[in-house]
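Here are my notes on the model, point by point. Please read them beside the coordinates.

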Amino acid sequence: MTTAPDRIISLLPSATDLLFDLGLGKRLAGVSHSCDHPGAAGLPMLTRSIVDSGASQAEIDRAVSEAMRAGLALYSVDGELLDAINPGLVVTQGVCEVCAVTPGTIEAAVRYLPGCLPAANVLSLEGRSVAGILDDLRALAEAAGVAELGEELAADAQARWDAIQPVQTAPHVLTLEWVDPPFYGGHWVPEQVEQAGGVNVLGAAGTDSGRASWEEITALDPDVIVVMCCGYGLEKNAEFARELLAKTELRAVREGQLWAVDANAHFSRPALGVVRGAEVLAELLRGGECTGESVRLLSQPATA
């Protein structure tokens with residue numbers, strides 16, 4: 001029987017959220033620089049990004065693109081601190097090298113240290129769909145020694161997902177995970193749109209997010225546009241969406257169907273919040289305000 005780890009390190013925000021959902025916050029011994037769960041405040045941070053998060057979207061995109069072309073890792077791990085903590089479990093991900101630390105970055109950080117973290121102590125979460133997220137939850141619970149609780153939480157999340165009442169009008173929906181330049185939502189986001197009753201116009205379930213052009217978006221003429229820029233909450237996404245009011249002549253914008261949502265809480269992260277995200281989409285597609293979780297950006301009325 002495997003001993004449950006008493007020191008866990010989470011190197012991505014979604015894993016930190018899941019660990020707290022599983023009641024394992026007290027076992028956390030370190031987190032990434034982007035883990036923002038309130039319970040993780042004050043814990044040692046083991047990662048940093050080479051990209052300035054305070055830069056504009058265009059500047060961030062340019063920096064990421066240049067690093068990728070040069071074969072540079074976007075994140076670094078403090079291998080010495082990791083070795084000193086000597087965790088029984090490190091949680092990372094293999095879904096997106098732009099979003100968080102991958103197993104390869106950890107391996108490079110600890111390769112030459114005396115303790116050299118055993119590969120068996122690294123759990124890489126790989127979920128690219130809602131089903132995959134629930135599988136990750138189960139795998140994390142199993143690795144942490146609380147498999148039964150993981151099964152219960154997964155079953156509850158599935159029941160909530162299945163109970164979502166889709167809008168019957170089937171509006172065509174564009175989700176934007178970045179606006180300058182525009183990227184459409186991938187992975188589980190198309191599933192969220194479809195579960196809410198919308199027709200997802202760009203992106204396919206289980207596939208990566210992708211770059212689009214405004215010409216392509218204009219030709220698609222979506223009924224609804226939802227701004228959910230990866231790594232940002234509601235306030236910042238509302239700011240990005242307001243910028244579109246002045247830049248685009250899209251019908252959805254003119255008709256007051258430009259929305260902003262809390263991407264960190266409900267869309268960007270492969271955690272249980274994606275279920276609430278689909279519920280939020282269903283509510284906003286009906287035209288309802290989801291207090292504190294979405295905002296509709298109304299285009300300015302034409303002046304006489």
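1. Two strands count as paired if DSSP finds at least two bridges between them. Strands themselves are DSSP runs of E with at least two residues, helices are runs of H or I with at least four, and both are numbered from the N terminus. This is a predicted model: local features need pLDDT of at least 70, side-chain atom pairs count only at pLDDT 80 or more, and totals for chains, interfaces and linings use all residues. Residues are numbered from 1 along each chain as its sequence is written, and side-chain values use heavy atoms, without hydrogens or water.

2. The sheet is open. It has 4 strands in the order S2-S1-S5-S6, with parallel pairing. Strands S2 (28–31) and S6 (122–125) are at the edges; each has a single partner strand, so one side of each lacks a neighbour in the sheet. Axes here are lines fitted to C-alpha atoms, for helices over the stretch in contact; angles run from 0 to 180 degrees between N-to-C directions.

3. Strand S5 (residues 89–93) pairs with S6 in the parallel sense over 4 bridges. Thr-92 has Ser-124 in S6 as its bridge partner. Helix H5 packs on the sheet and touches S1 (8–10), S5 and S6; its direction makes about 170° with that of S6. Contact means heavy atoms within 4.5 Å.

4. Ala-139 belongs to H5 (residues 130–144). Ala-139 is partly exposed, at 30% relative accessible area. The scale: buried is under 20%, exposed over 50%, partly exposed in between (1.4 Å probe, protein chains only).

5. Which residues touch the most other members of the largest nonpolar core? Of its 52 residues, they are Leu-22, Val-91, Leu-140, Val-226 and Leu-284. Such a core is a set of buried Ala, Val, Leu, Ile, Met, Phe, Trp, Tyr and Cys residues joined through side-chain atoms within 4.5 Å. Helix H12 (residues 273–285) gives the most to this core, 8 residues. Apart from it lies another core, of 31 residues, including Tyr-184 and Leu-202.

6. Asn-200 sits in strand S9 (residues 199–200). Asn-200 counts as buried, at 14% relative accessibility. Its side chain reaches the backbone oxygen of Leu-202 at 2.8 Å. A polar atom of that side chain also lies 2.9 Å from the backbone oxygen of Gly-203. Beyond four places in sequence, the contacts of Asn-200 include Val-173, Pro-190 and Glu-194.

Note on methods: Polar contact = N/O pair within 3.5 Å; in protein donor to acceptor, adjacent residues only side chain to side chain.
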